[in-house]
Amino acid sequence: MSAREDVLNRVRAALGGSGVGTTAAGKIGTTPGVVEVPRAYRAAGEHEPGSPEVLTQLVDRLEDYQAHVQVVSEDELPDAVAEVLGGAGSVVVPSGLEEAWLAPLPGDVVVHRDTHAGPDSPLGATDLDAIGAVLTAARVACSETGTIVLDGGPDQGRRAISLVPDVHLCVVRADQVVETIPEAVRILAAHPERPQTWISGPSATSDIELDRVEGVHGPRTLHVLLVT
Amino acid sequence: MSTFLGLPGLRRRVPDDGATAASAAEPWGAVPHPDEPLRWGESFPAAAKHTLKNEQLRKNLGHATRTIRGKRAAVVDEVPDWEALRDTGSAVKEQVMAQLPDLLAQLEENVTARGGVVHWARDAAEANRIVTEIAQAKGADEVVKVKSMATQEIGLNEHLADEGIAAIETDLAELIVQLADDMPSHILVPAIHRNRAEIRDIFLARMGDAPPDLSDVPRELAMAARAHLRRKFLSAKVAVSGANFGVADTGTLAVVESEGNGRMCLTLPETLVTVMGIEKLIPTYTDLEVFLQLLPRSSTGERMNPYTSLWTGVTPGDGPQEFHLVLLDNGRTDVLADEVGRSALHCIRCSACLNVCPVYERVGGHAYGSVYPGPIGAILTPQLTAASGGVSGADDVNASLPYASTLCGACYDVCPVKIDIPSILVDLRAREVDADRGKHKVDPWRAAMKAASWVMSDGGRFGLAGRAATLGHGLGGRDGVISKAPPPASAWTRDRDLPAPPDETFRQWMAEHEHGEQDGGER
C-alpha cells in the first residue's frame with residue numbers, strides 16, 4: 001500500500017472508521033461529533049478604511065517597529081521618493097511601478113526595472129545583493145498590527161526584489177489601509193494564489209537574551225510613504 | 001478515573017547512557033544529539049534534578065520567560081475580542097481534526113494543481129528519505145533551512161549529514177544551537193538557555209568567519225550571523241522549511257518569522273521542500289484571519305511578527321520553480337485516535353505555555369528529553385511516541401512527562417487554541433499508572449494504600465497511627481521540612497520535600513482543649 005493510502009487510512013481509523021485497519025499503535029479512535037465554529041470576533045474595525053484614525057494608528061504602529069514613516073500628498077510623493085533614495089546608489093523597481101514616482105530621482109541613482117524581458121533581467125540574487133534599495137507599492141495595509149502586504153502585483157514585483165536589497169521603500173495609498181486583519185485577509189482572498197509577503201517593520205531578531213535587534217537578513221531599513 | 005497528583009514512587013530509571021560524560025567534554029555543556037529527537041536522556045525527574053543545579057540556566061530562563069510573559073500579556077490585552085478569537089481558533093482546529101481525510105485530499109489536490117508535488121510520509125525515516133532524495137536529485141551538498149519543529153522532530157539534519165548533505169540552520173537561535181552542537185531548549189527561542197557571552201564564544205570558536213574582535217553586544221552578534229549566512233542564501237540551490245499553516249481550500253502554505261531568513265529560503269533557491277505535520281491544516285483561506293492574529297501575539301508578544309510568507313504551489317517567475325510538500329504522520333494519527341488527547345494536535349507551536357509554566361521556567365527545555373518541551377511537550381511527546389510505549393511503556397522515559405507539571409492551569413489560560421493541557425496531563429497520568437499495575441510483584445503504592453485502608457477503618461488504630469507519626473517531628477529541619485526521610489519514605493522525599501509532622505496529633509490537641517473549655521474556658 002502507498003504511504004498516501006496508509007496515512008489516510010490511519011487518519012480514518014483514528015476517527016473511528018471501520019475496515020481501514022488501525023493506527024500505528026494499533027488503535028481505532030472514536031468518531032468526533034459535528035463541530036460548530038463560532039465567529040464572534042470582529043470582522044471589521046470601528047473606522048473606515050483610509051480614515052484619519054486608521055492612518056494615525058498605522059503610522060504609530062509602524063514607528064513602534066522602527067520603520068521610518070512619512071505622510072505625503074500625491075503631489076509630494078515623487079520628491080519624497082527622491083529624498084529617500086537619493087543616496088542609495090542604485091534602486092530596483094518592479095515592472096509595473098508608476099514611472100512618475102521616479103521622475104525627480106537624481107541622475108546618479110541607477111534604476112533597474114525588473115522586467116521579465118530586457119538587458120538586465122531577470123536579476124539574479126547576487127545582482128540584487130549589489131543594489132542599494134528597492135521601491136515598491138503595496139496591496140493592502142492593516143493599521144492595528146502595523147502590517148503592509150505585498151502580493152506580487154505588477155507594481156510590487158516578485159518576492160526577491162523586495163527582499164535582498166538592504167533598504168525597502170514602500171508606498172502605501174491611504175485607501176489601502178484597513179483597521180483589522182480580517183478586513184485585510186478578505187481583500188487578499190480575491191487572489192489567494194499570489195505569493196504574499198506580510199511586512200511589519202524591518203527584519204528583527206530577539207534570539208539573544210530577548211534583546212530586540214532590528215535588521216537581520218531582510219531589508220535592515222524600511223521606509224514607508226503613506227499617500228493621502 | 002482517578003486523579004494522580006504526584007509521581008508514583010515506582011518510576012524506573014533509565015541507565016545513564018553517557019550523557020553526563022559527554023557534556024563534561026563539551027565546552028558549552030551541550031546535550032548530545034539523540035538518536036530519537038522525541039525521546040532522549042533520562043526520565044524527567046532525573047533530568048530535572050540535574051538541570052535544577054545549573055544556576056546560569058535558571059537565571060537566563062527566568063529573565064527570558066518573564067520578559068515574553070509581560071510582552072504577551074500587554075499585546076493580548078489590546079485585543080477586545082481575544083476570547084472570541086480563541087473560541088474560533090479552538091473550534092476550527094477541532095473541525096480540522098474531524099474532517100482531516102477530506103481536508104488533506106483537498107490540500108493535495110490544490111497544491112498539485114499549482115505545480116507542487118505532494119509526498120506522504122508514515123514516519124520520520126520515510127520523510128527523511130524523501131527530502132534526501134530530492135536534495136540528491138538536485139545535486140545539492142548543502143541545503144538552507146528555515147526553523148521548523150517538524151524537521152527537528154524527524155532528525156532531518158542528522159540524517160542529511162549521514163548522507164553527506166550539510167543542513168544549514170538560518171534562524172539565529174537555531175544557528176547558535178547548531179554551532180554549539182547542542183539541542184534546542186524552547187520552541188520559539190531555541191537558544192534561550194544561552195546568554196550573550198556564551199553566544200560570542202560559540203561564534204568565535206565555531207563560525208569560521210566571525211570577526212576576531214566580536215563583542216557580546218546582541219547587534220554585533222546578529223550582524224556576524226547576517227554576514228555568515230548571506231553567501232549561503234545567495235548561492236543555495238535547495239531550501240527546506242516547515243509550515244505554520246496549510247490552507248486546504250487553496251493549497252496555500254504559510255511561514256511566520258522575524259529575521260527574513262525564512263523569506264530568503266522560501267524565495268531564492270530553485271527548489272523548496274516543505275515538511276508539514278498533517279495536523280497543520282486549516283480549512284479555508286479566510287481562517288488565516290483568526291490564526292494570524294492568535295499566533296504572533298501569543299508567541300513573540302508582538303502585534304505581528306516582522307515577516308509572514310504565503311505561497312501556493314509554484315508561481316512562474318517568482319520564487320522556487322520546484323516545490324515539494326511532505327505530509328508527515330510520525331505518530332500524529334495515534335494522537336488523533338485518543339478521544340481526550342487528540343486536542344494536543346490543535347497546537348500551533350506558539351510556545352506561550354512554556355513561558356508561563358512554573359516547571360519549565362525552573363528546569364528548562366532539555367529536561368523534557370524531546371524537541372517539544374514544556375506543558376505542550378508533556379502531552380504531545382508521550383502521545384506521539386505511543387506506538388513505541390510513550391504513554392504506557394513500563395520502562396519508557398516519555399511516560400514520566402505528564403508528571404512534569406503542577407497542574408496550575410496557567411498553560412490552559414494562555415493557549416490561543418484553548419488546549420486543556422491539565423486535563424490531558426491527568427488523563428495520561430491515569431493511563432500510565434493503570435498500565436503499570438500488576439507489572440511489579442510488590443507494588444509499594446498499592447501496599448501502602450491497603451495498609452492505610454486497614455488503619456483508617458478503625459478509630460483506635462487510626463489514633464495509634466497518628467501518635468506514631470508525631471515521632472517523625474524530629475526529622476524536620478529548622479524550617480519544619482523533611483528533605484531526606486528514612487526508607488521507605490525516602491521514595492517520597494527523593495522528588496519532593498515533606499512537611500515534618502507536628503509534635504502532637506489533632507486528636508491530642510482537641511482532647512486538651514476540650515478539657516480546657518470544660519474548666520471554664522474562654523468561649
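My notes below go from confidence to the sheet, the chain contact, the core and a few single residues.

**Confidence.** I started by reminding myself that this is a predicted model. For the complex, the predictor gives an ipTM of 0.96 and a pTM of 0.88. Chain B averages a pLDDT of 88, and 91% of its residues score at least 70. I flagged residues 8-26 of chain B, where pLDDT stays under 50.

In what order do the strands of the six-stranded sheet run? I read S1-S10-S7-S4-S2-S3 in chain B, an open sheet with parallel pairing. Its edge strands are S1 (117-121) and S3 (166-169), each of which pairs on one side only. From one strand to the next, the twist averages 25°. I then looked at the S3 end: strand S2 (residues 142-145) of chain B pairs with S3(B) in the parallel sense over four bridges. B:Lys145 has B:Glu169 in S3(B) as its bridge partner.

**Where the chains meet.** How many residues does each chain put into the contact? I got 81 residues from chain B and 69 residues from chain A. On the chain B side, helix H4 (residues 82-98) gives the most, with ten residues. That side divides into 41 nonpolar, 22 polar and 18 charged residues.

**The core.** The largest nonpolar core has 204 residues. Those touching the most other members are A:Ala138, B:Val143, B:Ile176, B:Val326, B:Leu327 and B:Cys353. I picked A:Ala138 and listed its contacts, leaving aside neighbours within four places in sequence; among them are A:Ile148, A:Val149, A:Leu150, A:Val171 and A:Val172. A:Gln156 and A:Gln176 are on that list too.

**B:Leu221.** This residue sits in helix H11 (residues 218-235) of chain B. Buried or exposed? B:Leu221 has 25 other C-beta atoms within 10 Å, and 20 or more is the cut-off, so I put it down as buried. Not counting residues up to four places away in sequence, B:Leu221 touches B:Arg196, B:Ile199, B:Arg200, B:Phe203 and B:Asp216, plus A:Ile208 from chain A. I also checked B:Pro211, which is ten residues from B:Leu221 in sequence and 9.8 Å away in space, C-alpha to C-alpha.

**Positive phi.** I looked up two residues here. A:Gln66 has a phi near 70°, positive in a residue other than glycine. A:Gln66 lies in the loop between helix H2 (52-64) and strand S1 (68-72) of chain A. It has 15 C-beta neighbours inside 10 Å, so A:Gln66 counts as partly exposed. B:Asn330 is not a glycine either, and its phi is positive at about 45°. B:Asn330 is in the loop between strand S10 (322-328) and helix H14 (332-336) of chain B. I noted B:Asn330 as buried because 25 other C-beta atoms lie within 10 Å.

Note on methods
Residues are numbered from 1 along each chain as its sequence is written. Chains are lettered from A and ligands numbered from 1 in the order in which they are written. This is a predicted model: local features need pLDDT of at least 70, side-chain atom pairs count only at pLDDT 80 or more; totals for chains, interfaces and linings use all residues. Two strands pair if DSSP finds at least two bridges between them. Helices (H or I, at least four residues) and strands (E, at least two) are DSSP runs, numbered from the N terminus. Axes are lines fitted to C-alpha atoms, for helices over the stretch in contact, and angles run from 0 to 180 degrees between N-to-C directions. A residue is buried if 20 or more other C-beta atoms lie within 10 Å of its own, exposed if 12 or fewer, and partly exposed in between; C-beta atoms are placed from the backbone. Two residues are in contact if their C-beta atoms, placed from the backbone, lie within 7 Å. Ala, Val, Leu, Ile, Met, Phe, Trp, Tyr, Cys and Pro count as nonpolar, Asp, Glu, Lys and Arg as charged, and the others, Gly among them, as polar. A nonpolar core is a set of buried Ala, Val, Leu, Ile, Met, Phe, Trp, Tyr and Cys residues joined through C-beta atoms within 7 Å. pLDDT is the predictor's confidence in each residue, from 0 to 100.
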